[in-house]
Amino acid sequence: MKNLKLSFIAISLGALSLGISSVALAQSGIVVTGPGTELGNGTPSVPISVWSQRDAVSAVEVSPDGKHLLLLKGEGGNMGENVLEVYDTSDFSKPVKRLNSKPMEMISAAWVSDNNIFGTAWKVVRKSVTGPEEDVRSYKAFA
C-alpha cells in the first residue's frame, strides 16, 4: 500500500510539472507547428530543421583525479567538424589538447584513468545495406 501511495504521488508530481511546463511555454509564446509556417496570429513557428540538429556537445567528463575535463563537441553546424578537447580544470581559457578524427567522426569518449581516454568513432563507408545487422558505417575504437 505504501508503494502505491508513493507511485501515485510521483505520477501526480510528474503530471503537475507537465502542466506547469505547458503553461510556461504558452505564456512565453513558443509554439511548434509544421516547418516554417506561421500561425494565424502571426506568431512564427519553429522549423523542423531546428529540431533535427545534432547535439553541439555530446560528452563532458572530469578525469578521475579531477585535474582535466574532456569535451566532445561538434563545430560548424550539423555536418561540421567533430572535435575532442581536453582542458586543465584550473584554466578553461584554452584547451590543453584538441583532436579531430577526420575522416571519421568521434561518437563517444570517456576517461579510463587519470591520463587515458577511450572512445569510439564511425565513418560512412557504403551507401546502402544488403541484409539485416548491416550498417552503412564502419566503427573504430581509439585511446
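Reader: Is Tyr 139 buried, partly exposed or exposed?
Author: Tyr 139 has a relative accessible area of 42%, so it is partly exposed. Buried means under 20% relative accessible area, exposed over 50%, partly exposed in between, with a 1.4 Å probe and protein chains only.
Author: This is a predicted model, where local features need pLDDT of at least 70, side-chain atom pairs count only at pLDDT 80 or more, and totals for chains, interfaces and linings use all residues. Residues are numbered from 1 along each chain as its sequence is written, and side-chain values use heavy atoms, with hydrogens and water left out.

Reader: How many aromatic pairs turn up in the whole structure?
Author: Two. Rings of Phe, Tyr and Trp (its six-membered ring) pair if their centres lie within 6.5 Å; planes under 30 degrees apart are stacked, over 60 edge-to-face, the rest tilted. Tyr 87 and Phe 92 have ring centres 6.1 Å apart and planes at 40 degrees, so that pair is tilted.

Reader: Is Tyr 87 buried or exposed?
Author: Tyr 87 is buried, at 12% relative accessibility. Phe 92 is partly exposed, at 48%.

Reader: And how are the rings of Trp 122 and Tyr 139 set?
Author: Their centres are 5.8 Å apart and their planes at 70 degrees, so this pair is edge-to-face.

Reader: What lies over the face of Trp 122?
Author: Arg 137 does, 4.0 Å from the ring centre. A charge sits over a ring if NZ of Lys or CZ of Arg is within 6 Å of the ring centre and within 35 degrees of the ring normal.
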